[in-house]
Amino acid sequence: QNPNSYFLLYWYVFFLAGYAERLKDSGKFAEAAAKHEKALNLFPDCLNSLKRALLQEQGNCLIKLNKYDEAALQFEKALAIDPDNVYLLSDYGNCLI
């Protein structure tokens, strides 16, 4: 694969993540969750730290939409990447309450 296309794809995914955060901050949780999902689908082999963050933020959006089972699945995928992340564990705990 061309290194330039990998670089561009990484930055596009990073842009989508930022856009999703702005949507989430304005209360548009369904749109934000969809952008996180698009980013994950576009670049499934992205860096683990980015993938963990996308999964975690998607889970947080799904909680706001009262989709707790779907949120839990996203948090569990993120925990498989970073099981000791205290913020992630806290978000997952909030989902289970």
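1. Buried here means under 20% relative accessible area, exposed means over 50%, and partly exposed covers what lies in between. Glu21, at 24% relative accessibility, therefore counts as partly exposed. The model is a predicted one, and the points below should be read with that in mind.

2. Glu21 is paired with Lys24 in a salt bridge whose closest N and O atoms are 3.3 Å apart. Both residues belong to helix 1 (residues 3-25), where they sit three residues apart, about one turn of the helix.

3. Glu57 counts as buried, at 18% relative accessibility.

4. Arg52 forms a salt bridge with Asp82, with the closest N and O atoms 3.8 Å apart. Arg52 is in helix 3, whereas Asp82 is in the loop between helix 4 (68-81) and helix 5 (86-96), so the pair ties together parts that are 30 residues apart in sequence. Arg52 is buried at 17% relative accessible area, while Asp82, at 26%, is partly exposed. Shared partners join Glu21, Lys24 and Glu57 into one network of salt bridges, and the count for the structure comes to three.

5. The structure holds zero disulfides. The sulfur of Cys61 is 13 Å from the closest cysteine sulfur, in Cys95, which is too far for a bond. Cys61 is buried, with a relative accessible area of 0%, and Cys95 is buried as well, at 5%.

Technical notes. Residues are numbered from 1 along each chain as its sequence is written. This is a predicted model: local features need pLDDT of at least 70, side-chain atom pairs count only at pLDDT 80 or more; totals for chains, interfaces and linings use all residues. Side-chain values use heavy atoms; hydrogens and water are left out. A disulfide is a pair of cysteine sulfur atoms within 2.5 Å. Buried means under 20% relative accessible area, exposed over 50%, partly exposed in between (1.4 Å probe, protein chains only). A salt bridge is a side-chain nitrogen of Lys or Arg within 4 Å of a carboxyl oxygen of Asp or Glu. Helices (H or I, at least four residues) and strands (E, at least two) are DSSP runs, numbered from the N terminus.
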